[in-house]
Amino acid sequence: MLYKEYGKTGKKLSSLGFGIARMPMIYDADGKAAGVDDEKAIPLIDKALELGVNIFDTGHYYMDGFSEGFTGRAFKGRRDKVFISTKNGSDGTYDGWMKWLERSLTELQTDYIDFYLFWGLSLSSWNENINVKGGLVDAMRKAKDEGVIRHISFSTHDEPENIKGIADSGFFESVLLQYNLLDRSNEDTIRHCGEKGLGVSVMGPVGGGRLREPSKVIQEILGEKVKSTAELALRFVLSNPHVNVAFSGMESFENIEENAATASVSGPLTPDEWDRVDKNFKDIKNLADLYCTGCNYCKPCPQGIDIGKVFKFMNYDRIYGLKQHAKWEYSNLLKPESNDKPATACTECGECEKKCPQKIEIIKQLKETHEALK
């Protein structure tokens with residue numbers, strides 16, 4: 001297992017982190033989650049520890065609200081062997097934030113949390129609600145001064161430039177953000193945060209599961225040097241010099257063993273391999289842009305179709321070779337409760353094609369996408 005200094009925190013973390021979000025669950029007769037199946041789940045944690053993983057990330061809402069409680073049980077009696085990361089997603093008030101923290105401490109069965117994150121922080125929220133007199137910065141500082149939390153952190157899905165703005169505040173010690181082969185929008189942000197001295201951890205290194213699906217298009221970039229799409233995806237993320245930890249939600253022994261092997265001394269890509277992957281994915285992205293650049297000038301569709309989203313699913317299939325995932329994503333649009341409409345909702349009014357700067361034949365492509373993914 002590779003271990004890296006986590007920014008300026010003074011902690012050395014395993015480059016593979018365990019996201020406790022996909023453990024085996026127990027369900028009641030109505031199909032509602034009733035808890036975690038500890039007999040099946042704790043051995044997975046044991047295996048990760050055996051293979052050198054020392055950082056585990058959880059959150060109150062994960063696994064239908066059972067994740068933190070499970071984490072507490074899993075590390076009872078061996079709390080000092082691991083680093084635990086969790087998040088505060090309170091109502092934004094000082095009292096609400098403190099109550100959330102106390103609940104996390106209780107569920108985790110611990111008197112301190114190693115990395116405590118503002119959950120899903122945006123720059124606007126930081127400026128307007130948190131970094132103000134009487135705001136939550138005071139709560140975080142108080143908790144740290146008392147030793148209840150060791151390091152102040154944040155997770156975010158904000159725009160890359162906004163994330164840089166939060167990092168520039170100098171308040172935080174680490175960040176958790178999105179980064180993978182399919183979404184490199186945070187690449188420069190990661191470099192910026194790393195150079196600022198923040199520990200950088202990545203969520204979704206295998207694209208939220210998308211890159212677990214075999215893809216000849218992706219695997220053939222390095223040929224026999226990789227065993228699976230997921231392996232290449234994880235090696236790519238870990239090869240970024242400013243990424244310290246890649247969190248993966250691992251739900252099987254096979255998954256843990258494969259990822260741990262990848263996060264070994266031979267795991268990251270060589271400079272030559274990185275250049276090959278970089279060039280190939282830029283070429284793939286250029287090809288994908290022929291179908292849709294994702295600019296969203298076509299919005300809003302009078303019929304409620306998120307055209308960019310539909311074409312993104314098409315690109316998963318046609319460009320990246322991830323057909324099963326593309327079909328699964330599209331199937332969600334076919335459900336009655338979906339907020340977005342499927343391609344079949346198109347009435348051929350032509351409003352989208354008038355606004356498309358790429359002059360894409362949107363109506364035709366919507367029909368093709370539905371036929372391919374239905």
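Student: Which unit do S7, helix H4 and S8 make?

Tutor: This is a predicted model, in which local features need pLDDT of at least 70, side-chain atom pairs count only at pLDDT 80 or more, and totals for chains, interfaces and linings use all residues. Residues are numbered from 1 along each chain as its sequence is written, and side-chain values use heavy atoms, with hydrogens and water left out. Helices (H or I, at least four residues) and strands (E, at least two) are DSSP runs, numbered from the N terminus. A crossover is right-handed if, with the strands pointing away from the viewer, the path from the first strand over the helix to the second runs clockwise. Here S7, helix H4 (residues 94–108) and S8 form a right-handed β-α-β unit.

Student: How many bridges join S7 to strand S8?

Tutor: Two strands pair if DSSP finds at least two bridges between them. S7 and S8 (residues 113–118) run parallel and are joined by four bridges; Asn88 has Phe118 as its bridge partner in S8.

Student: How is a pair of aromatic rings described?

Tutor: By the distance of the centres and the angle of the planes. Rings of Phe, Tyr and Trp (its six-membered ring) pair if their centres lie within 6.5 Å; planes under 30 degrees apart count as stacked, over 60 as edge-to-face and the rest as tilted. The structure holds 19 aromatic pairs. Tyr6 and Phe115 are edge-to-face, because their ring centres are 5.1 Å apart and their planes stand at 85 degrees. Their positions are 109 residues apart, with Phe115 in strand S8.
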